[in-house]
Amino acid sequence: DALNLGARLLMYGGNLDAKGVVQLAQEPTAADFDVAWSSITIPEQLAGQELHTEGQLKFVGSAEAYNANGDVRLGPPDRIANLQLRVDGSPEKLTLHQFDIVQRDGRLAASGVVNLQPNIAWSMTANARRFNPGDFATEWPGDLNFALETTGDIDDVGPQAHVKLADLRGRLRGRALAGHADVTLERDK
């Protein structure tokens with residue numbers, strides 16, 4: 001009572017291989033999928049600049065409990081970044097253990113938890129050191145440093161949140177940036 005799936009696609013000068021097993025007899029239905037790709041060039045018309053990518057993603061689990069892991073290389077030909085992703089989830093909660101972008105000269109690292117039930121709530125952190133968003137969004141070149149923390153929730157009355165941005169410094173779109181913020185949004189405001 002298992003369904004084996006597999007496909008190979010030739011696309012944008014490279015290939016993408018997907019394979020997996022769906023356990024139909026299991027309750028809830030579970031799956032184990034692997035996707036790997038190599039030598040793919042995303043054209044400038046689609047991404048604003050030519051991007052090269054290769055990597056792999058793995059998903060294991062069901063709607064009750066799952067995890068996804070990825071190791072991806074992406075960027076302009078002369079500035080390929082390494083992206084790593086580790087996520088666990090369930091109907092109640094999504095845990096982002098790791099979302100790291102490591103560039104030749106910079107890095108962005110994020111992690112946190114999003115509760116989905118009974119109400120949406122979150123606690124997330126992100127840290128950047130010499131991070132260049134222009135490697136992915138050509139109109140936003142930069143060299144950013146910051147530490148970000150945010151918590152909050154949304155209930156029937158409305159949202160509440162706290163955002164703390166520390167040590168913001170660097171450049172974005174050719175302009176110098178520096179500062180900090182400590183903002184709280186109350187439900188009744």
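This is a predicted model: local features need pLDDT of at least 70, side-chain atom pairs count only at pLDDT 80 or more; totals for chains, interfaces and linings use all residues.
On its surface, a nonpolar patch is formed by Leu3, Leu5 and Leu24, which together have about 260 Å² of accessible area. One of these residues, Leu5, belongs to strand S1, which covers residues 2-11. With a relative accessible area of 38%, Leu5 is classed as partly exposed.

I turn next to the aromatic rings. How many aromatic pairs does the structure hold? There is 1 aromatic pair. The ring centres of Phe59 and Tyr66 lie 5.8 Å apart and their planes meet at 25 degrees, so this pair counts as stacked. Phe59 has 30% relative accessibility and is therefore partly exposed. Tyr66, at 25%, is also partly exposed.

Another ring, that of Trp140, has a charged residue over its face: Arg173, at 4.4 Å from the ring centre.

Finally, consider Arg169, located in strand S11, residues 159-172. Is Arg169 buried or partly exposed? Its relative accessible area is 40%, so Arg169 is partly exposed. Which residues does Arg169 contact, once neighbours within four places in sequence are set aside? They are Asp143, Leu144, Asn145, Leu177 and Ala178.

Thank you for your attention.

Key: Residues are numbered from 1 along each chain as its sequence is written. Side-chain values use heavy atoms; hydrogens and water are left out. Rings of Phe, Tyr and Trp (its six-membered ring) pair if their centres lie within 6.5 Å; planes under 30 degrees apart count as stacked, over 60 as edge-to-face and the rest as tilted. Buried means under 20% relative accessible area, exposed over 50%, partly exposed in between (1.4 Å probe, protein chains only). A charge sits over a ring if NZ of Lys or CZ of Arg is within 6 Å of the ring centre and within 35 degrees of the ring normal. Patches are made of residues with over 30% relative accessible area and no salt bridge: like charges are joined within 9 Å, nonpolar side chains (Val, Leu, Ile, Met, Phe, Trp, Tyr) within 5 Å. Accessible areas come from the Shrake-Rupley method with a 1.4 Å probe; for residues, only the protein chains shown count as cover. A salt bridge is a side-chain nitrogen of Lys or Arg within 4 Å of a carboxyl oxygen of Asp or Glu. Helices (H or I, at least four residues) and strands (E, at least two) are DSSP runs, numbered from the N terminus. Contact means heavy atoms within 4.5 Å.
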